[in-house]
Amino acid sequence: MLQLKNVEVDFSGRKIFNNVNWHIRPGARVGLCGENGAGKSTLLKLLCGLNTCDKGDVIVARGTTFGYLPQDGLSYQGSSLFEEVRSACSELLDMAEEIEQLEGKISASADEKDLERYAHLQDLYSLRGGFTLEADIARVLHGLGFSEEDWQKPCEQFSGGWQMRIALARLLLQRPNLLLLDEPTNHLDLPARDWLENYLSNYPFSVVLVSHDRYFMDQVVQRIVEVWNGDLTEYPGNYTLYLKERDRRVAALRAEKQRQDEEIERIEAFISRFRYQANKASQVQSRVRQLEKIERIQIPPQRKKIAFTFPQPSRGGKELLELNQAGQRYGEHQVLSGVDLTVNREERIALVGANGAGKSTLMRLLAGIEQPSDGERKEGHNLELAYFAQDQAQILNPKRTVLEEITAGSPVAMVPKLRDVLGTFLFSGDDVHKRVSVLSGGERNRLALAILLLRPANLMLLDEPTNHLDLQSKDVLLQALKSYTGTLVFVSHDRYFVDALASRIIDVGKGHIESHPGNYADFLRSKQAEGCSDHAEQRVEHIANKIVSAGSNDKEQRKQEHARRKEEQRLQRKLEKQLQQLEGQIEKTEQQQADFEQEMADPELYQDSERFSAMSKQHIEISEILEQLYQQWETLQHDLTM
């Protein structure tokens with residue numbers, strides 16, 4: 001459906017892509033991987049037409065529709081949430097308006113063409129989901145975490161993260177046949193991320209995405225395309241399979257490069273030895289030409305294995321921290337109520353729940369940043385606490401460089417390791433000499449996390465530590481936290497991170513908490529076994545089914561959705577076939593018209609008035625037929641792109 005052919009892109013003297021060839025097939029699910037700055041976001045913009053290539057061609061199949069979600073920067077205002085999202089389905093709304101107009105015409109006088117158009121539009125409107133549009137909007141909004149109370153709120157009342165959810169909702173409802181997503185999970189909590197994972201796994205068209213969420217990539221994509229050194233390398237399978245296959249491929253390339261280097265060395269040695277011997281001149285020239293033809297093998301960079309370990313913390317008491325009947329309110333708004341929570345030594349506790357449920361409030365109570373409005377907070381024996389807040393970057397000194405700031409906050413024993421630590425958090429080369437004042441928000445957060453992790457603490461409270469980290473940095477942090485001997489309470493919306501680390505899940509919602517042993521997968525299974533749909537993937541299906549048809553079960557709903565998608569694809573193929581046949585008729589008729597016009601240009605024709613009259617009549621008939629064919633083509637083309 002889309003092809004890159006010999007594409008080159010230059011940016012500020014640097015060749016981002018060099019002679020790239022790539023083909024996206026219908027129904028593909030592709031994840032883009034590569035180092036920061038390799039060109040993943042540039043590639044997405046190139047695919048959707050926001051960027052242009054300096055050389056080569058981007059070939060797009062007829063009828064391809066695009067939906068592109070950037071990492072951030074989108075905002076909406078001037079209408080309510082529901083109306084803004086609904087307006088994204090303008091083609092369906094236009095179709096509904098035309099159907100209504102045709103109904104008025106037909107009731108006045110039953111014209112055959114109007115009846116045909118009305119029947120065609122009714123079928124198309126039904127297959128494109130027009131009759132379930134309101135329910136689809138409700139399903140998507142609930143899935144992305146919007147409550148029904150939010151639907152009539154003006155869009156300008158939503159913060160930046162929620163604005164990006166609005167943008168994502170609009171895209172999903174448009175149902176483009178090529179969906180391009182740049183970090184779609186950045187602003188999503190775990191329930192919304194789970195829902196999006198399920199939605200994209202069942203999406204009937206092509207998806208190309210960039211994500212630093214390993215679990216999300218594993219569940220959604222079927223192919224990985226690695227962006228490196230101006231080229232694209234495709235791997236079958238998900239992200240986990242890609243890591244294994246990449247290591248195998250790089251090992252094979254290294255062996256092949258070693259053989260190539262030995263061959264080049266042998267040839268160069270021959271040239272050096274016999275360069276000035278006349279009787280060897282032809283052989284030397286042959287070797288020189290052979291050397292010029294060798295295509296040098298490029299090896300992807302070896303990923304640095306950075307082993308970051310925490311300083312050994314002191315041993316705390318068995319019960320490090322307690323909240324007894326704790327509550328917190330802000331004015332009239334009661335966020336938490338009657339919370340009983342004991343944090344035991346060496347536990348790994350993950351706080352989960354929807355955005356706004358009170359996870360960060362609970363973290364501030366545990367950290368002692370806020371005192372509970374009700375109940376009490378009680379510290380255990382020998383507690384040494386470190387707390388990373390979402391706005392931790394605000395404590396940094398803007399006048400210092402990155403290296404100066406981390407050195408000032410580091411124990412003496414950790415100073416020799418600071419460069420490696422900074423590399424772990426994506427500060428390399430001259431980046432360490434940047435002033436804190438010029439860092440982006442994400443860079444400041446990464447620096448603040450690096451500084452916090454340098455000092456020993458037997459209880460770490462980490463609120464969204466994985467934000468703004470790429471996949472490799474998340475893995476380094478994960479391995480470090482696995483080896484950490486202290487106690488950990490954390491909030492993360494990265495499913496893989498939570499599953500790999502948590503030994504207990506605290507579900508925060510409706511002002512209360514529930515404790516569940518195990519990791520996030522165990523938690524979801526227990527919730528499903530209880531028949532509760534508050535947090536599991538079934539949450540949105542449960543809500544949507546109530547809206548669509550009270551009492552219908554999930555299985556039947558999924559069958560209907562599958563049947564609708566299959567029928568839509570069948571209609572798409574039918575329309576494409578009709579369009580292809582019609583284009584053949586047009587080409588044939590245009591050739592007939594051209595032949596007639598060439599024959600009518602013969603001066604001798606005008607000597608035979610009877611023959612001239614007959615040919616003129618035929619020419620008019622062919623022109624009328626051609627005009628009708630053009631009109632049919634325009635109608636089919638319009639239907640295909642809706």
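A salt bridge here is a side-chain nitrogen of Lys or Arg within 4 Å of a carboxyl oxygen of Asp or Glu. I applied that to this structure, which is a predicted model.

Entry 1. I searched the whole structure and got 27 salt bridges. I then looked up some of them one by one.

Entry 2. I took E98 and found its partner to be R117, with 3.1 Å between the closest N and O atoms. E98 belongs to helix α3 (residues 90-108) and R117 to helix α4 (residues 112-127), so this pair ties together parts that are 19 residues apart in sequence.

Entry 3. I turned to K257 and D261, whose side chains meet in a salt bridge at 3.2 Å, N to O. Both residues sit in helix α9 (residues 239-274), 4 residues apart, which is about one turn of the helix. K257 is partly exposed at a relative accessible area of 25%. D261 is partly exposed too, at 35% relative accessibility.

Entry 4. Is R377 buried or exposed? I read 19% relative accessibility for R377; buried means under 20%, so R377 counts as buried. R377 forms a salt bridge with E379, and the closest N and O atoms are 2.9 Å apart. E379 is partly exposed, with a relative accessible area of 47%.

Definitions and conventions
Residues are numbered from 1 along each chain as its sequence is written. This is a predicted model: local features need pLDDT of at least 70, side-chain atom pairs count only at pLDDT 80 or more; totals for chains, interfaces and linings use all residues. Side-chain values use heavy atoms; hydrogens and water are left out. Helices (H or I, at least four residues) and strands (E, at least two) are DSSP runs, numbered from the N terminus. Buried means under 20% relative accessible area, exposed over 50%, partly exposed in between (1.4 Å probe, protein chains only).
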